[in-house]
Amino acid sequence: MYAPYPESMMESVKKVEATRAARMATEPRRLTADEKDDLLAKFHPDYNNDSFAEIKVGPNKGQRAPLELAKMLHSTSRLMTDKVDISKIDYDVDVLVIGGGGAGSSCAIEAHNAGANVMIVTKLRIGDANTMMAEGGIQAADKENDSPVQHYLDCFGGGHFAARPELVKRLVTEAPDAIKWLNELGVEFDKDEDGTMVTTHGGGTSRKRMHAAKDYSGAEIMRTLRDEVINLGIPVIEFTSAVELIKDDKGQVAGAVLLNMETGDYMVAKAKTVVIATGGAGRMHYNGFPTSNHYGATADGLVLGYRAGAPLLYQDSIQYHPTGAVYPSQILGALVTEKVRSVGAQLVNANGEAYIHPLETRDVNASGVIRECREGRGVDAPGGVQGVWLDTPMIEILGGEGTIEKRIPAMFRMYMNYGIDMRKVPILIYPTLHYQNGGLEINGDGFTNAIPNLLVAGEAAGGIHGTNRLMGNSLLDVIVFGRNAGKKAAAKYKEVEIGTMNLDHVGKFDEELKAAGLDTGEVSPMLLPKYARHER
Amino acid sequence: MEEMVNVYFYGKKYTVPAALTIQTAMEYAGYTLKRGVGCRHGFCGACACIYRIKGKNELKTGLACTTQVQEGMYITQIPYFPTDKRTYDINDLKANQQVMMELYPEIYSCIGCNACTKACPQSLKTMQYIAYAQRGELKKCAEESFDCIMCGTCSVRCPAGISHPMVGLLARRLNGKYIEPEAKHLTKRVEEINNGEFDEAMKEMMNKPIDEVKELYNTREIEK
């Protein structure tokens, strides 16, 4: 028998195999609204109060945030010790985009096409972003049996009715145009021979509207956007972080202080409009979870915006993707795309039971995995970790031999790299920290209300997904709100007159920290996670 | 006791746990990575490296994030490689053989050594997709190169100076834009939206009392 796992795990694999035929004959039932609420309250990490702290200063004072984020919000600016002369301007642009992922790149392309002088700064390379790692797909209601209104209902309901309606409306209404725009840039979506998009379900969708490019959907989109940014000649300042926003005497945003990550030199960018497109926060490891996120996902934009006076929304709502890899240890936390379930795999516990419908929303399925493990129905793996099975051999039975290599080649490759053939054996998964549902608050046009001419796009923005995001709505969000920010910034800058630039808000925030007796001993934004081990 | 191995980063020896990848081993050794690190899960191509196992002749290439360390591994990272991307306006191009001749003429200097294929951490048939590009078979080039993460290890090994990832990317963009058939349902839906055909229904949905929306959500029919 093919046995790529330790003996103890193989015992459980036998149980999964023994129940497979019977499980495939029936579809697990969907939970009722009450059952879902109960499962979330008992097992979702957002309900664990010990992992949150009260925010002591700033616009969201008195609300809670994950411990690690609160610490960054409570930390001091680099510019309190490193003095930078902001009267010496290194870059002067109409639109400054902070972040070179899907949102930042879409934004820059649209701003450029609208005639603005736009520049991207990014702390690693352009394209080093969570967008690149999005696997499963992108939603858009473009089929006959579907409509933007149906998409609205799925998104709004899946997010527990907490999303900002005007943002959901923009997301779903501009979705088909986003797909068309990408396709016309040359993004290769999976299509039938007659051009019909191949679409599947994601967790919580009521129609099959998940468009994909195999399981490299985000990579295919990101590499195309990056290529277009370069073709258009848009300046991209790589390995350069924004460490503080600059404002003017009218209270408008007026640029940013930049830090060359390699030389440690500071620079000053003056800009009539600024777009924060800095992405997520997985590398903060909230609740001690491993993460599916990019190395640079450290919530920098949230800190920059907050210190300048922009409020956060749903900063305490975190998405744990139900299926992160737990075995082998080399890929701990790596994303196992939801598409694995879209194309047929069930979630199965140590006893071989399909204990839940595999396409409940992510928060519900993540809570389900945690429940199974806590209640003794998880599978023990080496290194003291636990998980449940994702029964991948079902995919080949349902879709025919070769389906896995054709539809989810990245997953196949990731596991074969460690000698695990997912066509033959199930794979072991546990939730992984995946997405920040909240972020900086924006209005329907993508601007912050608190700071004139400051926009936010992509994962750094809050309110689009309520308190739970559906699969395929984040790739969509970065394109829709990225493009929107580019167009809006390009329309806005023409009427902007910058006054006297200053960093007064940085000093003022520091005084608030002192008054609240806060001294974390750290500077923020974090910029890079502290993974280096030092013996002394 | 955890199993340890000896590895050499830029020639300097470190003793690290055998279960680690090259990337996590460097962090274990004390490096704070700025270059040569990205998604950490094999999708972004930031962490290409070259290594040789002590005593063996063969030079290997791989990604630091997905390659496990081995005893006697001599490793150097390639955080950047000067691949040569040509710029173009995608709207001005035509999907034919001519486009490759004009933008990437060096592909015709390929000597058929297959070093690019051997170097690919994604196990792509790299030389094959370059051959498709030479012949103007853009769709085949696009398909064969699809899983490319643009790490550049192929170009590092190429005696003809070909920038393989850029050739594949051009073929894919041309294929996606010009060769693949149009999604007519998508074009139609965009028109319907632009004509305001869903505006009334959307307004109605947004104006419903929240309890009614909840009821609609909880009882909605799910497509089989």
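At what angle do H6(A) and H7(A) pack, and how far apart are their axes? Let's find out, after a word on the model.

## Before we start

What you have above is a predicted model, so local features need pLDDT of at least 70 and side-chain atom pairs count only at pLDDT 80 or more, while totals for chains, interfaces and linings use all residues. Residues are numbered from 1 along each chain as its sequence is written, and chains are lettered from A, with ligands numbered from 1, in the order in which they are written.

A quick note on the names: helices (H or I, at least four residues) and strands (E, at least two) are DSSP runs, numbered from the N terminus.

## H6 and H7 of chain A

Back to the opening question. H6(A) and H7(A) pack at an angle of about 130°, and their axes are 9 Å apart. Here axes are lines fitted to C-alpha atoms, for helices over the stretch in contact, and angles run from 0 to 180 degrees between N-to-C directions. H6(A) and H7(A) are therefore oblique to each other. On this scale, angles under 35 degrees count as roughly parallel, over 145 as roughly antiparallel, 65 to 115 as roughly perpendicular and the rest as oblique. The crossing of H6(A) and H7(A) is right-handed; a crossing gets that name if the near helix is turned clockwise from the far one by less than a right angle, and left-handed if anticlockwise.

Who does the touching? On the H6(A) side you'll find A:Pro148, A:His151, A:Tyr152, A:Cys155 and A:Phe156, and on the H7(A) side A:Val168, A:Lys169, A:Leu171, A:Val172 and A:Thr173. Two residues are in contact if their C-beta atoms, placed from the backbone, lie within 7 Å. Sorted by class, the contact of H6(A) with H7(A) has seven nonpolar, two polar and one charged residues. The classes work like this: Ala, Val, Leu, Ile, Met, Phe, Trp, Tyr, Cys and Pro are nonpolar, Asp, Glu, Lys and Arg are charged, and the others, Gly among them, are polar.

## A closer look at Cys155

A:Cys155 sits in helix H6 of chain A. Buried or exposed? A:Cys155 is buried, with 28 other C-beta atoms within 10 Å. (A residue is buried if 20 or more other C-beta atoms lie within 10 Å of its own, exposed if 12 or fewer, and partly exposed in between, with C-beta atoms placed from the backbone.)

Leaving aside its neighbours within four places in sequence, A:Cys155 is in contact with A:Ala163, A:Val168, A:Leu171, A:Val172, A:Leu470 and A:Asn473.

The crossing of H5(B) and H7(B) is left-handed. Among the residues that meet are B:Leu138 and B:Cys141 in H5(B), and B:Ala171 and B:Ile179 in H7(B).

In chain A, H4(A) (residues 102–113) and H16(A) (residues 473–492) pack at about 35°, with their axes 7 Å apart. The crossing of H4(A) and H16(A) is right-handed. The contact includes A:Gly104 and A:Ala108 of H4(A), plus A:Phe481 and A:Gly482 of H16(A). By class, the contact of H4(A) with H16(A) has 12 nonpolar, five polar and three charged residues.

## Where the chains meet

The contact between the chains takes 66 residues from chain A and 63 residues from chain B. On the side of chain A that touches chain B, the largest share, seven residues, comes from H8(A). The residues of that side divide into 29 nonpolar, 17 polar and 20 charged.

## Helix H9 of chain A

H9(A) is mostly covered, as 13 of its 15 residues are buried. At 1.5 Å a residue, the 15 residues of H9(A) should span 21 Å, and its end C-alpha atoms are 21 Å apart, which agrees. (The expected span is 1.5 Å times one less than the number of residues.) After H9(A) comes A:Gly233, with a positive phi near 75°.

The peptide bond from A:Tyr327 to A:Pro328 is cis, with omega near 0°. A:Pro328 lies in the loop between strand S14 (318–325) and helix H11 (339–342) of chain A. The bond from A:Ser524 to A:Pro525 is also cis, with omega near 0°.

A:Tyr314 isn't a glycine, yet has a positive phi of about 55°. With 22 C-beta neighbours inside 10 Å, A:Tyr314 counts as buried. In chain B, B:Arg40 has a positive phi of about 70° although it is not a glycine, and B:Arg40 is buried, with 28 other C-beta atoms within 10 Å.
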